[in-house]
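The following exercises concern a single protein chain. Please study each task before reading its solution.

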Amino acid sequence: MVGDVVDKLAELIEQERDWLLTRWRGLVRELPAARELDVPTLNDHIPQLIEELALALRSRSEETIAEALLDGSPPAHGLQRVKDAFDIEEVVAEYNLLRGCIHDLADRNGLSLQGHPFHVMNRVFDGAIGSAVRSFAAQKALEVQHRREEYLAFVAHDLRTPLNAISLSGRVLKMILTQNGSDTPESAQMLTTLKRNVQHLEALVGKVIEENTNLETEVGFKLERRQFDLWPLVEDLIHDLHPVAGTCMTRLTNTVPADFVVDADANMLRRVFQNLIANAISYTPRGEVVIGARQAGDDGVVECFVRDNGGGIPADRCSTVFEKHETDPEKVGGLGLGLAIVKTFVEAHDGIVTVESELGVGSTFRFTLPGRRH
């Protein structure tokens, strides 16, 4: 009798597969992550899972049930739901909703799932949920690890510019003290200590970059947007990068209007400008780098730019300069992260970054920031 109930349920599941999917989709649409998914994406491996459920029910053996689900659709479904931006509670919920649909199907057809049939059903679904959740959690953990490693590589890359400025400032200060006859043993010792610690930090930063630049995942960032004056941010950067620009005899000019306000993440925007300006300096010895911004339309969109009159970029490289690990073959020591960081941070603001360049004339990097969000 028990076997008959389970066999009839398996047959019903196969016959009413389309009804189960339709009813299940209607319920799953209430989950936030599922609302905008098209039908094929929402279904994913669920049709295959329904077939596996029927097979597992007919097997009756608990050992066979586990084996049937181990290499079936649940692990693949868990991986897919990571891409679909489900959270782990939603993954569990959609399986339990399907469980409820099958119970409704049994009730409609006068089948009682009490006792052993109920136990078999729960074994099937609990095994499916466990398998899907394990693959989901493992993939999420891997993504978090990659994002942390890549974020660390981005931060380490950005530290190279201020460290270089500190190192140059120390050398300039030593030269000034020597020329003025003020180079005392105490000041010499302090400058030596400064140099040694900067070199130590540069070595640590280099090690972090070396270990974390072969990454392929995108980095997720949490924006902390606020309104602030842009001119002081650019002016502070020019002051900080002056030693680097001075070594190259490059003029840095801030043309941002004094009262210009933007709505953005200040730390990210500072790093965007830092990378663009440092990149421009490296291509513009004895030239000029101009930083500016303007309102680009009535919708509050802001356009910022960094323009130089340096060597320019070959036309065939303009389309790839923002890709990770894309470096200028003529520049020694480049890592191909600076402009990739710019692109990542601008797109995190829902903005767009572009470049216009001509060999022997110079380059202009532009990026947009959407207007204030209410």
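**Exercise 1. Determine where leucine 269 lies and whether it is buried or exposed.**

Leucine 269 belongs to helix H11, where helices (H or I, at least four residues) and strands (E, at least two) are DSSP runs numbered from the N terminus. The model is predicted, so local features need pLDDT of at least 70 and side-chain atom pairs count only at pLDDT 80 or more, while totals for chains, interfaces and linings use all residues. Residues are numbered from 1 along each chain as its sequence is written, and side-chain values use heavy atoms, with hydrogens and water left out.

Step 1. Buried means under 20% relative accessible area, exposed over 50%, and partly exposed in between (1.4 Å probe, protein chains only). Leucine 269 has 1% relative accessibility and therefore counts as buried.

Step 2. Contact means heavy atoms within 4.5 Å. Not counting residues up to four places away in sequence, leucine 269 touches Phe228, Leu230, Val262, Ala264, Phe367 and Leu369.

Step 3. Leucine 233 is 36 residues from leucine 269 in sequence, and their C-alpha atoms are 8.9 Å apart in space.

**Exercise 2. Describe how helix H11 packs with helix H12.**

Step 1. Two packed helices are described by the angle between their axes and the distance between the axes. Axes are lines fitted to C-alpha atoms, for helices over the stretch in contact, and angles run from 0 to 180 degrees between N-to-C directions. For H11 (residues 266-283) and H12 (residues 338-348), the angle is about 150° and the axes are 9 Å apart.

Step 2. The crossing of H11 and H12 is left-handed; a crossing is left-handed if the near helix is turned anticlockwise from the far one by less than a right angle, and right-handed if clockwise.

Step 3. On the H11 side, the contact residues are Met268, Arg271, Val272, Asn275, Leu276 and Asn279. They meet Gly338, Leu339, Ile341, Val342, Phe345, Val346 and Ala348 of H12. The residues of this contact comprise 9 nonpolar, 3 polar and 1 charged. Here Ala, Val, Leu, Ile, Met, Phe, Trp, Tyr, Cys and Pro count as nonpolar, Asp, Glu, Lys and Arg as charged, and the others, Gly among them, as polar.

**Exercise 3. Classify the arrangement of helices H2 and H7.**

Step 1. The axes of H2 (residues 17-28) and H7 (residues 88-108) come within 9 Å and cross at roughly 135°.

Step 2. Angles under 35 degrees count as roughly parallel, over 145 as roughly antiparallel, 65 to 115 as roughly perpendicular and the rest as oblique. H2 and H7 are therefore oblique to each other.

Step 3. H2 passes H7 in a right-handed crossing. Among the residues in contact are Trp19 and Trp24 of H2, and Cys101 and Ile102 of H7. The contact of H2 with H7 divides into 10 nonpolar, no polar and 4 charged residues.

**Exercise 4. Locate two residues with positive phi and state whether each is buried or exposed.**

Step 1. Alanine 85 is not a glycine, yet its phi is positive, at about 65°. This alanine 85 is found in the loop between helix H6 (73-83) and H7, and is exposed because its relative accessible area is 58%.

Step 2. Arginine 286 also has a positive phi, near 60°. Arginine 286 lies in the loop between H11 and strand E4 (288-295); with a relative accessible area of 65%, arginine 286 is exposed.
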